[in-house]
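Good morning, and thank you for coming.

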Amino acid sequence: MSSYTALITGSSRGFGKSLAFAVSSKYPNSTIYLLSRPSSHHTETFNNLKKAHTDGTVHKVDIDFNDAADTDNPNNNYINVFKDCIEGIPVPTSSSNKIVLYNNHGTLGHLTASPPLSSVPIDLNLNITSCISLSLLFSSRFPLSSIVNVSSLAALKPFPTWSLYCASKSARDMFHHCLSLSHPTLKTLSYAPGAMDTDMQSHIRLNESDVEMKEAFVKMKEEGKLVDPDVSARKCVELVEVGKEGHVDYWD
């Protein structure tokens with residue numbers, strides 16, 4: 001009997017939450033791990049998914065990707081939490097038993113032309129180091145698996161006030177491309193979900209310091225051109241199902 005296991009980071013809100021319900025809808029017997037920092041949103045998403053995912057299993061994993069990746073730290077930093085999580089998952093014995101890591105967590109950071117120096121190590125650890133660390137740990141245990149790096153147009157196109165975010169997304173894309181080249185049995189997809197109607201977009205409209213950028217996002221909202229995250233999530237899950245790899249945009 002085939003099985004489907006999904007680990008979704010940043011799953012408490014936005015696109016991560018939509019991914020969780022998209023997986024549940026397509027694979028009603030699946031096992032879903034929700035990995036997010038402790039919050040009321042995390043608990044609410046977990047409870048709602050458990051009610052909907054009656055034929056499958058849902059696990060809530062409290063994990064903070066802002067914690068330093070120090071494997072000798074006696075505290076439960078994200079490396080230790082993630083190790084404990086994946087070591088409890090059986091290694092698939094055939095291609096019909098699919099396991100997928102949706103590496104979705106991240107931060108926009110400061111939307112300014114010159115972000116404060118103090119934010120550089122914080123943003124890069126959250127957006128790059130933790131993402132790469134999880135993918136390395138995951139691919140080592142599950143070489144016959146799939147990894148979705150939630151990417152962005154910002155991985156390919158520079159934006160004036162998004163320097164750390166663009167650099168992070170570009171680095172994540174390249175890392176996963178290299179990872180797939182060195183591990184032929186591993187499938188990696190860098191999926192850009194589009195400009196979605198989420199809390200992240202609300203944050204951009206309120207805090208964007210570049211006037212033209214801010215006006216563009218406000219206009220997209222007013223004209224109803226933002227992508228429904230549920231629709232984009234369903235497309236992402238379908239792309240994984242057919243084995244799509246490389247950088248793929250929602251609009252492709």
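Predicted model: local features only at pLDDT ≥ 70, side-chain atom pairs only at ≥ 80, totals over all residues.

Residues are numbered from 1 along each chain as its sequence is written, and side-chain values use heavy atoms, with hydrogens and water left out.

Let us begin with the sheet. In what order do the strands of the open sheet stand? The order is β3-β2-β1-β4-β5-β6-β7, which makes 7 strands with parallel pairing. Helices and strands here are DSSP runs, numbered from the N terminus; a helix (H or I) has at least four residues and a strand (E) at least two. Two strands pair if DSSP finds at least two bridges between them. The edge strands, β3 (57-62) and β7 (246-249), each pair on one side only. From one strand to the next, the twist averages 20°. Angles run from 0 to 180 degrees between N-to-C directions, with axes fitted as lines to C-alpha atoms, for helices over the stretch in contact.

Now to the individual pairings. Strand β1 (residues 3-9) joins β4 in the parallel sense over 6 bridges. Within that pairing, T5 has I99 of β4 as its bridge partner, and A6 stands opposite V100. Strand β4 (residues 97-103) is in turn parallel to β5, over 4 bridges. There, Y102 is partnered by V148, and L101 stands opposite I147. On to the next pair: β5 and strand β6 (residues 187-192) are parallel over 5 bridges, and I147 has T188 of β6 as its bridge partner.

How covered are these strands? In β4, 6 of the 7 residues are buried, so this strand is largely enclosed by the rest of the structure. Buried means under 20% relative accessible area, exposed over 50%, and partly exposed in between, using a 1.4 Å probe and protein chains only. Strand β5 (residues 146-150) has 5 of its 5 residues buried. S146, V148 and V150 point one way from β5, while I147 and N149 point the other way.

Next, the helices. β4, helix α4 (residues 119-141) and β5 make a right-handed β-α-β unit. The chain then crosses from β5 through helix α5 (residues 163-182) to β6, again in a right-handed β-α-β crossover. Right-handed means that, with the strands pointing away from the viewer, the path from the first strand over the helix to the second runs clockwise.

Helix α5 has 20 residues, which at 1.5 Å a residue should span 28 Å; its end C-alpha atoms are 29 Å apart, which agrees. The expected span is 1.5 Å times one less than the number of residues. Among the buried residues of α5 are L164, Y165, F175 and L179. The buried residues of this helix pack against β4, α4, β5, β6, α6 (199-207) and β7. Helix α1 (residues 14-26) has 13 residues and reaches 19 Å from its first C-alpha to its last, close to the 18 Å expected. Its buried residues include F15, L19 and V23.

I63 is found in the loop between β3 and α3 (78-87), and its 2% relative accessibility counts as buried. Leaving aside residues up to four places away in sequence, I63 touches L35, S36, R37, P38, Y78, V81 and F82, where contact means heavy atoms within 4.5 Å. I63 and F82 are 19 residues apart in sequence and 7.8 Å apart in space, C-alpha to C-alpha.

I close with the salt bridges. A salt bridge is a side-chain nitrogen of Lys or Arg within 4 Å of a carboxyl oxygen of Asp or Glu, and by this rule the count comes to 7. One of them joins D199 and R13, with the closest N and O atoms 3.4 Å apart. D199 lies in helix α6 and R13 in the loop between β1 and α1, so the pair ties together parts that are 186 residues apart in sequence. D199 is partly exposed at 48% relative accessibility, as is R13 at 39%.

Another joins E238 and K26, at 3.1 Å from N to O. This pair links helix α8 (residues 229-241), which holds E238, with helix α1, which holds K26, 212 residues apart.
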